[in-house]
Structures are given as C-alpha cells and as structure tokens.
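Please read the following briefing alongside the sequence and the three-dimensional structure.

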Amino acid sequence: MNFLAHTHLSGKSSDILFGNFIADSVKGKSYQIYRKEIQDGITLHRAIDTYTDKHPITKNSREIIRENFGKFSGIVVDIYYDHFLARNWSNYHDLELAKFSTQVYLILARRFLILPGRVKKLLPFLIAQNWLSGYANLDDLTRVFNGMDRRTGHISGMDKAIDVLESNYEALYADFHEFYPQLEAFSSKELQTILEEGN
C-alpha cells in the first residue's frame, strides 16, 4: 500500500501514524532509535506490506498490469489502490479527506527534526502539492506517475500508468473493493497485537 492507505490504517495514535508513514525510509533495526509507539508504527507498516504483497487479490491486480510495468507492477498497484481509497474515502473514514490530509501533514511537520533524510526532502513537496488528497483525481495522479517515471530513468513505463488504469479501471477497482476491508481487519488486529506485546 502507499502513503494514504498506510496513514489510514494507523489507528488513532499520532506516533503510530508517523512510524507507519516513515517506515520505508527506516531500514533494518535502525527503527530502534525511535520511541516505542513510533517503532510500533514501523512494525505495523512492515506487516501491512507483507500481508498485501502475499494476498491473492493484489497478486491478481499485478497480473492485470504486469505486461505494462513488469517489476514495477507492485508499486503501480499500490498507487492505484490509494487512488481508489481517495475516490471512495467516505466509505472508509468519517473525517473528510481534506481534513484528514491536513492532520497527517501536521503530525509529520511537528516531528520534522526526527524524520529520515529522504522524508525530510519529500515532505515540503507532499504538503505543497497535497499528495494525499490529490490521489483522488487523475491530473494529480498523472503528475505522481510522471515524477516516478523520471526517477526510474524512464524504464518503468509509469508515464502510461493513467492510460492503463483507465483501460482496466473496473477490474482493478473490483480487486481493491474486495481486498481493502480484509486489509482493514488485518491491520486492526495486527495493531492490537503489537500494542499488547509492548505492555
């Protein structure tokens, strides 16, 4: 899953959300420099990624687009799923997406000094371009994919990601619609287990 889903699945703790957000930039055991709840968020993120990668529904989504993106299919599916989540946000969260996004930006900005270097560089762009809310519309999604295509040296095929999404929209959305409630249930149970193990 990508940024929006990971923050959505973090429960009510700001520290867990923070850890969940930065986890991709925290390698190995270096997470131990952070306080306990941030560590819990990183642990949750890793569990979510493992569950998602191994799930037959997400494997099906990757197969739908594999001929277009090859080894980058998983990354593309993660962003497609964030798009579906953003477009259907009111089905999954009581707070408006714009307000939720602002809350996330504040949580990250208030902890700016302890952000990993990569996220420190990313955060100003993420806030200025309002990435979390922007996943809902195809114009902003186009910008995200074009940027990622540039960063991969134009070998990922992500410049065609919107065309591929539009051509397979119903099938990919059906996968997301079936998968995401299962991921919510898994994440809630996993977070409870992580917190209980820390007591």
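**Helix pairing and overall fold**

In the contact between the two helices α3 and α11, residues K36, D40, T43, L44, A47, I48, Y51 and T52 of α3 meet F179, Q182, L183, F186, S187, E190, L191, I194 and L195 of α11, where contact means heavy atoms within 4.5 Å. The residues of this contact divide into ten nonpolar, four polar and three charged, with Ala, Val, Leu, Ile, Met, Phe, Trp, Tyr, Cys and Pro counted as nonpolar, Asp, Glu, Lys and Arg as charged, and the others, Gly among them, as polar. The model is predicted, so local features need pLDDT of at least 70 and side-chain atom pairs count only at pLDDT 80 or more, whereas totals for chains, interfaces and linings use all residues. Residues are numbered from 1 along each chain as its sequence is written, and side-chain values use heavy atoms, with hydrogens and water left out.

**Geometry of the helix contacts**

- Helix α3 (residues 36–54) and helix α11 (residues 169–197) pack at an angle of about 145 degrees with their axes 10 Å apart, the axes being lines fitted to C-alpha atoms, for helices over the stretch in contact, and the angles running from 0 to 180 degrees between N-to-C directions.
- The crossing in which α3 passes α11 is right-handed; a crossing is right-handed if the near helix is turned clockwise from the far one by less than a right angle, and left-handed if anticlockwise.
- With helix α4 (residues 56–69), α3 packs at an angle of about 65 degrees, and the axes of this pair are 5 Å apart.

**Overall fold**

- The secondary structure comprises eleven helices and zero strands, where helices (H or I, at least four residues) and strands (E, at least two) are DSSP runs numbered from the N terminus.
- The protein has a radius of gyration of 16 Å, close to the 16 Å that the globule rule gives for 199 residues, so it is as compact as a globular protein of that length; the radius is taken over C-alpha atoms, and the rule is 2.2 Å times the number of residues to the power 0.38.
- Taken along the principal axes, the C-alpha atoms fill a box of roughly 50 × 35 × 30 Å.
- Among contacts with a separation of 6 or more, 68% are accounted for by residues 24 or more positions apart.

**Burial and core**

- Buried residues make up 50% of the 199 residues, with buried meaning under 20% relative accessible area, exposed over 50%, and partly exposed in between (1.4 Å probe, protein chains only).
- The largest nonpolar core has 63 residues, and those with the most contacts inside it are L4, I22, Y80, Y135, F145 and Y180; helix α5 (residues 73–87) gives the most to this core, with eight residues.
- Such a core is a set of buried Ala, Val, Leu, Ile, Met, Phe, Trp, Tyr and Cys residues joined through side-chain atoms within 4.5 Å.
- Not counting residues up to four places away in sequence, I22 touches Y34, I38, I42, L115, P116 and V119.

**Single residues**

- W131, found in helix α8 (residues 131–134), counts as buried at 12% relative accessibility.
- Beyond residues up to four places away in sequence, W131 touches F3, Y105, L122, F125, L126 and R143.
- N130 lies in the loop between α7 (117–128) and α8, and its phi is near 50 degrees, a positive value in a residue other than glycine.
- H154, in the loop between α9 (138–151) and α10 (161–167), has a phi near 65 degrees, a positive value in a residue other than glycine, and counts as exposed at 56% relative accessibility.
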